[in-house]
Amino acid sequence: MSGTTPAPPGLGGLTVATALPYRTDPTAPAGLAVDYDRYAEHCRWLVDNGCHGVGPNGSLGEYAALTDQERRTVARTAIQAVGAAGTVVVGVHGAGAHQARHWAETAAEDGADGLLCLPPTAYRANRAEILAHFEAVAGVGLPVMVYNNPLDTRVDLTPDLLAEIARIDQVVAVKEFSGDVRRVLEIRERAPGLTVVAGADDVVLESLLMGATGWFAGFPNVFPAESARLYALATTGRLAEARALYEPLVAAFRWDSRTEFVQAIKLGMAQVGRYGGPCRPPRGPLPPELRARVEADLARAVAALEKQAAA
């Protein structure tokens, strides 16, 4: 792979939460069928541009809008497309442990390298239920990255809780999406064997400088080579160069932490000449005022990158 450093162990490195393309098909749900050929090409393109791996069936991949067959085929497509060139960390999120374990088992059967798993998503689970959920998923035998997204799940995997979760065999990493970069050091203190993965694009540099060794990212769907370079700069101590690359991108990266992040990233892909396309309901098109803001933020990012490349 060009332009990046080798991926560290423990599901670290730069993994792209892949956006999912659709094609028009009146027989498919909402008239949109998954375009598997285009998705396979996109996964290969990301790895060819220096990303360490891909993450199908995450929130950005609209897993909740897929049929069961589509969801499995998306994971298989990513695994086959990437092959030995990168890692594939499959999202296995489910309302409860038996649903999440089912998706973990199919991912293992299909050759995934690891699993990304939210806590139970149907309600605000308690501590014992959270531990039982991850134990069930980890029992499948693949490395597990637990996903802390308290804004959307109403469950906060605090550093003290992560210290308990990290004792589960096969739990090797946490995707930290609370936005609180102070947690990076506390997690490393309380669970030193756990790989800390930056989950929010708009605090990625801060997280990497505090010792995170992974980035599970959205905007590399738009800027893969530049994101791989940012990761490499940040993890090799080249702070001035990392800041110069990061600061013009942050306004765009902030959309990764907003409600409309899927639509924003797909629009960004279109702005750089890639196919983004529509989302399946319940996600609809961006309202005109939000679309204009996304386009402006992305245009500034593209212009800054072009200026840097020309310098």
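Okay, Arg291: at 40% relative accessibility, that one counts as partly exposed. Keep in mind that this is a predicted model. Its partner is Glu295, and the two side chains meet in a salt bridge, 3.3 Å from N to O. And Glu295? That residue is partly exposed as well, with a relative accessible area of 30%. Where do the two sit? Both are in helix H13, which covers residues 288-310, and they are 4 residues apart, so about one turn of the helix.

There's also a network to look at. Salt bridges with shared partners tie Arg72, Arg76, Glu109 and Asp110 together into one network.

In general, side chains of opposite charge can pair when their charged atoms come close. How many salt bridges are there by the rule used here? The count comes to 19.

Let me show you two more of those pairs. Arg23 and Asp25 meet through their side chains in a salt bridge, at 3.8 Å from N to O. Which of these partners is buried, and which is partly exposed? Arg23 is at 41% relative accessibility, so we call it partly exposed. Asp25 is at 16%, and because buried means under 20%, Asp25 counts as buried.

Now Arg38 and Asp35. Their side chains form a salt bridge too, with 3.8 Å from N to O. Arg38 has a relative accessible area of 36%, which makes it partly exposed. Asp35, at 13% relative accessibility, is buried.

Right, on to helix packing. Two packed helices are described by the angle between their axes and the distance between the axes. Our pair is helix H1, residues 36-48, and helix H2, residues 68-82. Their axes come within 9 Å and cross at roughly 40°. How are H1 and H2 oriented to each other? As for the hand of it, the H1 and H2 crossing is right-handed.

So who's touching whom? On the H1 side you've got Tyr36, Tyr39, Ala40, Cys43, Arg44 and Val47. Those meet Glu70, Thr73, Val74, Thr77, Ala78, Ala81 and Val82 over in H2. Sort that contact by class and you get 9 nonpolar, 2 polar and 2 charged residues.

Conventions: Residues numbered from 1 in each chain as written. Predicted model: local features only at pLDDT ≥ 70, side-chain atom pairs only at ≥ 80, totals over all residues. Heavy atoms only, no water. Salt bridge = Lys/Arg side-chain N within 4 Å of Asp/Glu carboxyl O. Buried < 20%, exposed > 50% of the residue type's maximum accessible area, 1.4 Å probe, protein only. Helix = DSSP H or I, 4+ residues; strand = E, 2+ residues; numbered from the N terminus. Axes fitted to C-alpha atoms, helices over the stretch in contact; angles between N-to-C directions. Left-handed = near helix turned anticlockwise from the far one by under 90°. Contact = heavy atoms within 4.5 Å. Nonpolar A, V, L, I, M, F, W, Y, C, P; charged D, E, K, R; others polar.
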